[in-house]
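Student: I would like to learn how to read charges and backbone angles in a model. Can we work through one together?

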Amino acid sequence: MPSPRTRKGLWLLALLALRATRTQERETLASLLWPDTDDMTAKANLRRTLTDLRQALGPDSEMILAPSLTTLCLDTDACDIDLLRFDAAPQKEWTLYQGELLEGCREEWVYPERQARQESYLKAREAIAQELGNSPAAAEHLEAVLQVDPLREETARRLMELLGSSGRVPEALGVYRQLRKSLLERRLTPEPATTALFERLRKTLGTPSLAVSESPESVALPAPVTSFFGRQAERDAVL
């Protein structure tokens, strides 16, 4: 399938997919895709982009519906969109989340959409970990959550407790130290409950307490997590 001549065509298709459960006003789509352009020009841009997208989709262009002269929507019965399956049941379909939604897209409209899916994913894995109790599999889910959001302190405490109760105290202490580093980068400190848990675990090993004088400047930055949401195969399948 030929690609649309501009990235705006891809973003238009993405917007329709992200909001496939409801009809979209053309005026709204135009303002989202061209926020710094006057209304008349934005609408003209949308018409050209829509024409280009339909041509690129070829026979599959029928999935883009126009319920009225002023609206557009995506026919979800004509295509399989893994994002919609994830949205409908994130705890069941959490494996569909492969990282950052629409990686590389820097459009303003994508950020709340991206944050919403990430939060759904994190909550899904936390819920699964809760169901798994104190099993090693639960720890794996919690560790995955902290890889995405290292500032999730309640999750860090849960992981520390789980590791400590299973005899993996050094790993539990490591979770605290990593959390503390991440917080110090933002000139924050762990909550008293988290530090108290660390001290209780530390005493079981008889190790020295963490130096309270450690400054944010002395803390090594954690390696960034690079990821993207959606498999390329599925993206290509939608197109």
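The dialogue below takes up salt bridges, a charged patch and backbone angles in turn.

Tutor: Keep in mind that this is a predicted model.

Student: How many salt bridges are there, and by what rule is one counted?

Tutor: A pair counts when a side-chain nitrogen of Lys or Arg is within 4 Å of a carboxyl oxygen of Asp or Glu. By this rule the model has 14 salt bridges.

Student: Are E113 and R117 buried or exposed?

Tutor: Buried means under 20% relative accessible area. E113 has 12%, so it is buried. R117 is buried too, because its relative accessibility is 7%.

Student: Which residues are linked with E113 and R117 in a network of salt bridges?

Tutor: R19 and D87 belong to that network, together with E113 and R117.

Student: What is the distance in the salt bridge between D80 and R85, and how is each residue classed?

Tutor: The closest N and O atoms of D80 and R85 are 3.4 Å apart. D80 counts as exposed because its relative accessibility is 54%. R85 has 31%, so it counts as partly exposed.

Student: What about E185 and R186?

Tutor: Their side chains also meet in a salt bridge, at 3.6 Å from N to O. E185 is partly exposed, with a relative accessible area of 28%. R186 is partly exposed as well, at 46%.

Student: Now the backbone. Where does L102 lie, and what is its phi?

Tutor: Look for a positive phi in a residue other than glycine: L102 has one, near 50°. L102 lies in the loop between α4 (82–88) and α5 (110–132). It counts as buried because its relative accessibility is 14%.

Student: Is R187 buried or exposed, and what is its phi?

Tutor: R187 counts as exposed, at 60% relative accessibility. Its phi is positive, about 60°, although R187 is not a glycine. R187 is located in the loop between α8 (169–185) and α9 (192–205).

Note on methods
Residues are numbered from 1 along each chain as its sequence is written. This is a predicted model: local features need pLDDT of at least 70, side-chain atom pairs count only at pLDDT 80 or more; totals for chains, interfaces and linings use all residues. Side-chain values use heavy atoms; hydrogens and water are left out. Helices (H or I, at least four residues) and strands (E, at least two) are DSSP runs, numbered from the N terminus. Buried means under 20% relative accessible area, exposed over 50%, partly exposed in between (1.4 Å probe, protein chains only).
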